[in-house]
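Student: Please take me through one part of this model at close range. Keep it brisk, and give the cut-offs as you go.

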Amino acid sequence: MSGPTPHPWPAYRWPDGQRSAFCFTVDVDATGPYLWGQRAPDAPRRLGQLEQRHFGQRSGVWRLMDLLDRFGIKGTLFVPGAIAEQNPGLLPAILQRGHQAGLHGWFHELVADSTDSEFTAALEASVELFRRQTGTAPQGFRSPAWEMTPHMLAELQRLGLWDSSLMGADHPYEIAGVTEVPVQWALDDAILYKFSALPGDRTPVTPGAVLDSWSEEWEGQHQYGGLTMLTVHDWISGRVQRLRVLEKLLARVTAAPDCWVATVGEVAAWHAAGNSGRFVAEATIPEPIEPRRFR
Ligand SMILES: [Zn+2]
């Protein structure tokens with residue numbers, strides 16, 4: 001089949017016996033955004049925000065992996081290059097514990113503030129560091145703040161990486177020749193919990209309400225045969241009351257015999273084997289046009 005898939009898109013095919021899929025992912029941002037030097041829009045000049053994020057590397061990411069291990073679940077952890085460089089034991093520990101690691105920029109650069117060549121340089125440096133620290137090649141990428149461009153997709157295709165940054169479906173699909181294992185804001189802990197006493201920060205949502213919301217989404221995806229892509233952060237959901245929410249959610253998910261709990265890489269590989277060519281999207285950004293005259 002060539003060209004984009006006509007609408008409506010058909011039902012997704014999961015492995016035999018599975019009704020839906022669930023991925024547990026951790027974006028290990030830590031202090032990455034603040035290491036971007038003067039270009040970070042909110043780079044701190046004092047210690048409070050830095051220490052809040054250091055918690056993620058000291059405790060949060062390890063507690064999250066301990067939780068996954070207790071349930072026998074394999075997660076996918078996306079680590080910025082600068083954080084892996086600062087903490088050289090992190091990527092090897094993730095892999096040694098059986099989890100998957102993916103790329104997440106070098107400094108967690110925001111796409112809107114980066115040039116194409118800066119993106120390519122950061123991606124290539126991240127791949128090289130990953131190989132050096134783990135002796136293996138990375139398989140996938142997640143964009144900081146979940147924004148993408150056609151150039152970024154072309155670079156992922158060139159390097160043979162899958163992506164997990166876009167929201168064009170609630171199951172895997174292909175865009176510009178790249179396997180996309182999609183995210184969604186409703187399953188991101190940052191929009192619910194993130195609070196640093198910065199202008200515009202809102203009071204965090206209570207853990208009980210988050211458990212209700214995420215449980216509702218998971219039950220819905222299980223009903224509709226989709227993918228529940230949960231995304232948490234080391235320094236946000238590594239806090240104990242949030243770990244307890246995750247524990248309760250995982251107890252519900254793992255009690256279902258027909259929900260496939262897998263790494264993002266396993267889901268991407270399944271897509272290539274079982275659904276390739278069935279869900280195809282183009283990466284086109286329309287040119288600005290003149291306002292249309294209606295009469
Ligand atoms: Zn991030």
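Student: Where does Ala30 lie?

Tutor: Ala30 lies in the loop between strand 1 and helix 1. The model is predicted: local features need pLDDT of at least 70, side-chain atom pairs count only at pLDDT 80 or more, and totals for chains, interfaces and linings use all residues. Residues are numbered from 1 along each chain as its sequence is written, and side-chain values use heavy atoms, with hydrogens and water left out.

Strand 1 covers residues 20-27, and helix 1 covers residues 48-71 (DSSP runs numbered from the N terminus: H or I of at least four residues for helices, E of at least two for strands). Ala30 is not a glycine, yet its phi is positive, about 45°.

The zinc ion has Asp29 (OD), Asp29 (OD), His104 (NE2) and His108 (NE2) as protein donors, at 2.1 to 2.5 Å (donors are N, O and S atoms within 2.8 Å of the metal, or 3.2 Å for Na, K and Ca; water is not among the atoms, so sites may look incomplete). Along the chain the donors read D-x74-H-x3-H.

Now the geometry. The angles among the four donor atoms run from 55 to 143°, and the site is irregular (four donors are tetrahedral if all angles lie between 85 and 135 degrees; four are square planar and six octahedral if opposite donors are over 155 degrees apart and all others between 65 and 115; anything else is irregular).

Helix 1 packs with helix 9 (residues 240-255) at about 25°, axes 11 Å apart (axes are lines fitted to C-alpha atoms, for helices over the stretch in contact; angles run from 0 to 180 degrees between N-to-C directions). That makes the two helices roughly parallel (under 35 degrees; over 145 is roughly antiparallel, 65 to 115 roughly perpendicular, the rest oblique). The contact (heavy atoms within 4.5 Å) uses Arg63, Leu64, Leu67, Leu68, Arg70 and Phe71 of helix 1. Helix 9 contributes Val240, Leu243, Leu246, Glu247, Leu250, Ala251 and Thr254.
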